[in-house]
Amino acid sequence: MIRSALALTALGLAALVLQGTLAALLPPALVPDLGLLVALSAAVSAPALPALALAAGVGFGADLLSGTLLGQQALLRLLAFAGTRFVSGQFHLERGLPLATFCLAVGMLDALGLAGLSWLFTGASPFGLEGLPTLVVRAVLGAALVPFVHGLVGGLSETLHEGDAPRREVRFDTRRPVL
Amino acid sequence: MREFLIRLRLPLLFAMLVVLTLISMLADRRVLAGFGRERSFGGALLELAVPVQKALLFPIDFARESWSRYVALVGLHEENERLRARVSELEEQNLQYAEAIVASGHLAEIAEMREGFDVPLHSAQVVGHDVSPWFRSMLIDRGRVHEVRSGMPVVTDRGLVGLVTATSPHASRVMLLLDRQSAVDGMVQRSRARGIVRGTGTGNLEFTYMVRGDDVVPGDEVITSGVGGAHPKGIRVGRVLEVHADETSLLHTATLQPAVDFGRLEQVFVMLHRGPTMDLLYGGDGDLPAQTAAAPPAAGKGAP
């Protein structure tokens, strides 16, 4: 479990690093929210506690590297984690198309949630109607990329889960005669 | 009881984290609203951000360097011959222009800017940009150890960049003029028409609350007015691109092109002085160095 949590946290940090790198090179609309994609993928395929830790870590990390209030993106990542765990119980989110559709919706709701929280806590939204095309393009881009990210996170999670699996106990009933 | 806790550990942990995020947001908001002192509670995290952001810059620098060294130098030999001949020609010209470059070049502009302000300036390197496309801020590699405090203006030789909003011992976060939460009291240099320069979240600024009839035309330079005490008077903010004059409205707006090219910021200067408003907002002069706290209000370059 600890190995899973550490590996997933490292993956989340790498996602943020890559996102920051892309932010310096590409227009804002073409920079996918890799932190969100990793958090969603982990919520679908990783054990619950490491995935929760990852969601909180990626959220606080994004808050740290951005002008948001501390905790703003962390709260949204936690809600995305809870929503994903709930929905993945009802639908097969481990499959590509349902996951991409879900990610599209979460990508849009995440940006709207960010605007709503900013408005609630600071009285000003970080973007207006002119930001909607960027919002949509980012959500579509995220939906297109999430199957690949999910494959990566799922593969990593499976590999680590095998290593972390507790040893099965074999019980012998010593009261029964052996012969 | 233990089994009960183990079974509920996930919901409990989730609830604790949600409460933690709400508390941290409220605390951050209180500090931003001026109820707190320095916004330094996230200082340790900000300290960690600088190496992370430097790590962010590393692949970019590496890619650029690789490009310039290997990819862009295809056909080097042919170009080299041509350049050798050109070098000897330019060396001669270089001698003649050397003095002119020193006098009118970038360094001279920086020197002139430093002399233009009565307050000391501290140079800082931009080490990172905002990872969210919805917010406009950046990290610089100077912090409280270097006497940088929240509320201090950040400038370049081109004009105003923004305001320091959070500090740690060795790093600070700067909210750019482009951020939608940014507002600066400005005036048109030519006609003295006053207004508020606001960030729009895009590449341009908005000059709002101009009274109908104010003399503002495209091409006018907008500078800080000094009112409010947040920024010294006379720092270039931007140039008027377009005036939106609605005849039915008492107040007009204009679109400004920022004086600073925010896409190419590498080096900035923190003005080691903050106005009385910012002092009140961020907790008086208790956390200011004595000499800067006692410094008189600054008069900026180009101030009329």
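## Chain A overall

Of the 179 residues of chain A, 50% count as buried (under 20% relative accessible area, 1.4 Å probe, protein chains only). This is a predicted model: local features need pLDDT of at least 70, side-chain atom pairs count only at pLDDT 80 or more, and totals for chains, interfaces and linings use all residues. Residues are numbered from 1 along each chain as its sequence is written, chains are lettered from A in the order in which they are written, and side-chain values use heavy atoms, without hydrogens and water.

Chain A has 6 helices and 0 strands (DSSP runs: H or I, at least four residues; E, at least two).

## Ser41(A)

Helix H2 of chain A, residues 34-45, holds Ser41(A). Ser41(A) counts as buried because its relative accessibility is 0%. Its side chain reaches the backbone nitrogen of His150(A) at 3.4 Å. Beyond neighbours within four places in sequence, the contacts of Ser41(A) include Val146(A), Val149(A) and Val153(A) (heavy atoms within 4.5 Å).

## Interface of chains A and B

In chain B, 38 residues are in contact with 47 residues of chain A. The two chains bury about 3900 Å² between them, 76% of it on carbon and sulfur atoms (accessible area lost on being put together, 1.4 Å probe, summed over both parts). Met25(B), Val131(B) and Trp134(B) lose the most area in chain B to chain A, together 21% of what that side buries.

The count of salt bridges between the chains is 0 (side-chain nitrogen of Lys or Arg within 4 Å of a carboxyl oxygen of Asp or Glu).

Notes:
Polar contact = N/O pair within 3.5 Å; in protein donor to acceptor, adjacent residues only side chain to side chain.
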